[in-house]
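Q: I have a model open and want to go through its side-chain packing. Can you take some questions?

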Amino acid sequence: MAQPQGPEVRYFKASRAALLYAIFGAIWILCSDAMLGIWIQNPKLLQYAQLCKELLFILASAVALFMLLRHNRQHHTEHLLKDAAQRTELRMLSQFRERVIDNAHVWINALDQHGNISVWNQAAERITGYGRDEVLHNDKIWEWLYPDTQYCAEVRGKAAEVISSDMEMEDFESRICAKDGTTKIIAWNAGRLYDEDGTINGLIGIGRDITEHKQAEKALVERERQLATLMANLPGMAYRCKDEPHWTMKFVSEGCRRLTGYDPEDFIDNKRLSFAAIIHDDDREQVANAVARAQLEGSPFAIEYRIHHKDGHNVWVWEQGQTAEIDGSPFLEGILTDISERKRMEQALEQMAIRDPLTGLYNRRELEQQLNAELVSARRYQHAVGLIWIDVDHFKSINDRFGHLAGDAVLRQLSTLLQEQVRAADYVARYGGEELAIVLPESDAQEALQLAERLCTTVAKTPIRIPDRAPICISISVGVAAFPTHATDIKQLFKVADQAMYTAKQQGRNRVHLAALPPPQHDSQPPECIT
């Protein structure tokens, strides 16, 4: 770009031009006069020729002067235009700096080849806390931003590498220490900075403050880690599946392996089998109905059911879940927990509530409930119910001779023997002490009598083992009654069966006695009046 000239230069050029013009004029006059004197001998013609020569010289000088002045004016005009263009360019550059660089939301700075800052915009001031006047051409800024000497050397080395080699820096992250002492993370994009003649002049960098983004990213990673830890230690299985009959799984937690024996991947998109396939056949309809009912009511569902474990045994699970719409499609989300131990405890408690702890037979309370239910059914459907009442003969003497442990052994083995002889539909119960009872649904008096006689015979022939003693033989006395033949309610049925049993004892024990028929009911008649 041409530079404007000073007064001394212009004076020197003018003096040189005047001297050259004087020398050229003198040479022209002397040489031209000598040539004309040789060519023209007539004095008048020679004078006329010399006059024309002088006029021609003046004309040529005027033309030359005109051209020179015109050229100088054009040159001056070009200089003025160039100066105006330069001023416009500088003004545009200034506006670009103010509007783009200074007002940019990213940190923009430039380094010279020595690592000194030459550009520092407002975003850089806002992010770092250091003003432009503090950092321009101040090498201390590196120590301020990177107080750790080793880390500072690494960052400066990275900048020097960009300047010295034909490479660009992309998303290079550095930690800076702001003026207020806070640590910030900056992502840098940087490249070489060139002059207008293509000479490398340093580095220009653009930095984005990603501190909040990194903190959010770190928090997200931590939440995901916590969730993964929670899922891994969840006492059960978390899932997300399609809302369709196969329960096609889209997500299954690691607890699946402990709960079902299968790997989570086995259920994803039904790779090996569907989850619905391991639900117990007897519970599948119940599960489907519970989910459908909850969806209809718009509420979560909670159900208990059995699943088939991979090794073949059944597992009781408690499931709580709800419907979720994801990308416009219905899904089910929930958790399943193994409640097998709780179910075993519930069943044990249930058995304790209805079973006699010594013999394992139904207890008196359950006997009454079962018999009452059978009588209700018998009245509705017009069928009979048999009742067998049993008492162990000479039980007190067994306790006295062999001890109460022997008496307990007798009751346990007798209970087992009776259960082996009756039907699956019959109820064997311990009424109290050594008294046992058997409810026979849909059996009349004769059918009950036949079973009682068989039981009496079988017991008499079966040795009973007692601790530390030789086996002994026992016998039983049995009373038999039936509904509605001998009684029409549970209290009366118990009474007549018990009376029949005592009759068997009075008749010599080891025998069966059928209850007597109740006396006929006669309508009361008024006394006859004899006239």
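Q: How many aromatic pairs does the structure hold?
A: There are 13 aromatic pairs in the structure. Keep in mind that this is a predicted model.

Q: How do Y130 and W144 pair up?
A: Their rings are stacked, 5.1 Å centre to centre, with 20° between the planes. Y130 sits in the loop between helix 3 (122-128) and helix 4 (132-135), and W144 is in helix 5 (residues 140-145). The two are 14 residues apart, and the pair links distant parts of the chain.

Q: Is Y130 buried or exposed?
A: Y130 counts as buried, because its relative accessibility is 10% and the cut-off for buried is under 20%.

Q: And what about W144?
A: W144 is partly exposed, at 30% relative accessible area.

Q: What is the geometry of W247 and F275?
A: That pair is stacked too, with 5.8 Å centre to centre and 5° between the planes.

Q: Where do W247 and F275 lie in the chain?
A: W247 is in the loop between strand 6 (237-242) and strand 7 (249-252), while F275 is in the loop between helix 9 (264-267) and helix 10 (281-297), so the pair ties together parts 28 residues apart in sequence. Both W247 and F275 are buried. They also belong to one aromatic cluster with Y239, Y262 and F267.

Q: Switching to the nonpolar cores. Which residues of the largest one touch the most other members?
A: Those are I388, I390, V410, I438, V478 and V480, in a core of 32 residues.

Q: Which elements give two or more residues to this core?
A: Three are strands: strand 11 (385-392), strand 13 (435-441) and strand 14 (476-483). The others are helix 13 (395-402), helix 14 (404-421) and helix 15 (445-461). Helix 15 gives the most, with seven residues.

Q: What is I388 in contact with, leaving aside neighbours within four places in sequence?
A: Its contacts are L436, A437, I438, L440, A448, L451, A452, V478, G479 and V480. Another core lies apart from this one; it has 26 residues, including V287, Y305, V315 and V317.

Q: Now the surface. Which residues form a nonpolar patch there?
A: L19, I23 and I27 do, with about 290 Å² of accessible area together. L19 lies in helix 1 (residues 7-39).

Q: Why does L19 count as exposed?
A: Because its relative accessible area is 54%, and exposed means over 50%. As background, nonpolar side chains in soluble globular proteins tend to be buried together.

Conventions
Residues numbered from 1 in each chain as written. Predicted model: local features only at pLDDT ≥ 70, side-chain atom pairs only at ≥ 80, totals over all residues. Heavy atoms only, no water. Core = buried A, V, L, I, M, F, W, Y, C linked by side-chain atoms within 4.5 Å. Buried < 20%, exposed > 50% of the residue type's maximum accessible area, 1.4 Å probe, protein only. Helix = DSSP H or I, 4+ residues; strand = E, 2+ residues; numbered from the N terminus. Contact = heavy atoms within 4.5 Å. Patch = residues over 30% accessible without salt bridge, like charges linked within 9 Å, V, L, I, M, F, W, Y side chains within 5 Å. Areas by Shrake-Rupley, 256 points an atom, 1.4 Å probe, with all protein chains shown as cover. Salt bridge = Lys/Arg side-chain N within 4 Å of Asp/Glu carboxyl O. Phe/Tyr/Trp six-rings, centres within 6.5 Å; stacked < 30°, edge-to-face > 60°.
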